[in-house]
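Welcome to my notebook page. I jotted these entries while getting to know a new structure, starting with its charges.

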Amino acid sequence: MKFTDQTIIDAKLVKEVVKSYNTLDYSPRLKELLRMIFPGDSFNGLCKLDLHRMMNELVVRSYGGEQVVKYALFKAFKNKNVVGAYEIKVKSSRVDFLTINGHTTSFEIKSNLDNLDKLAKQSADYSSAFEFNNVVIDERHLKKCLAMIPEQFGIITVDSNEHHFLRKPKMSKHLDPIAQLALMTKKELVQNFGLVIIEDILKSNNSETINDLFKVALKDRYRSRWEFIVEHSVDILPIDIQFFFNKNIKPAQIYT
């Protein structure tokens, strides 16, 4: 099965396939998922890597979800002097992508398939922990988004082929050292402050020091995982980038 510009694909079926797909799927399961889209093809003769590639092409060409945007963010930063990370929990939210260098910069993705129900709460949570914050949104969300996010947030709009920087982020005015310390593990607190009780750290450190050491802790936490996917990026399919960030398994062990 080869994709062409004339290939007609049912978007609803693709959405169901993406929900069911797992990077760890074996060949029989991959064929089963692909046959949901192309019922006339048995996919016999294709190796596991070929099946993964076909699944990847299906998602990249026919699905407007966050997987494609997450890989685009990876490509944008993989050759820069940053440490990147996916899915960082902040209070009751979870930011899609974060970069750390001299500053922390977050990226919340709202694709064509997402709604904005949680965006106001998410933007407040991210503003409490990270210095610069962005939303990466499908253009259909733009008007509603502008009414929901702080003016310090950057806005990047995306469509099927392009992205546009509509507004650059400004430094958050709502950094909260308590929120930052709450994101750190006990081990990280001890390594960076010599203390584990947040109240004691607040008494002996100002907010600027806490912010600086918070960034050090995040870089140390995620550096090896980020460097792994950068090193193996040639062999990682776009829709699987977050899996390999989390697991750090050599791609050949998954795709063959």
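**Charges.** I looked up the mean positions of the 37 positive and 32 negative charges of the protein chain, and they are 2 Å apart. Here Lys and Arg count as positive and Asp and Glu as negative, with His and the chain ends not counted. I placed each charge at NZ of Lys, CZ of Arg, CG of Asp or CD of Glu.

**Ground rules.** This is a predicted model, where local features need pLDDT of at least 70, side-chain atom pairs count only at pLDDT 80 or more, and totals for chains, interfaces and linings use all residues. Residues are numbered from 1 along each chain as its sequence is written, and side-chain values use heavy atoms, leaving out hydrogens and water.

**Overview.** I found twelve helices and six strands in the protein chain; these are DSSP runs numbered from the N terminus, helices being H or I of at least four residues and strands E of at least two. Of the 256 residues, 46% are buried (under 20% relative accessible area, 1.4 Å probe, protein chains only).

**Strand β4.** Seven of the seven residues of β4 (residues 132-138) are buried, so this strand is largely enclosed by the rest of the structure. I saw F132, N134, V136 and D138 point one way from β4, and N133, V135 and I137 the other way. In a regular strand, side chains alternate between the two faces of the sheet.

**Neighbours.** I noted that β3 (residues 104-110) pairs with β4 in the parallel sense over six bridges; pairing needs at least two DSSP bridges. S106 stands opposite N133 in β4. Strand β5 (residues 154-158) runs parallel to β4, joined by five bridges, and I156 in β5 is the bridge partner of V136.

Definitions and conventions:
Buried < 20%, exposed > 50% of the residue type's maximum accessible area, 1.4 Å probe, protein only.
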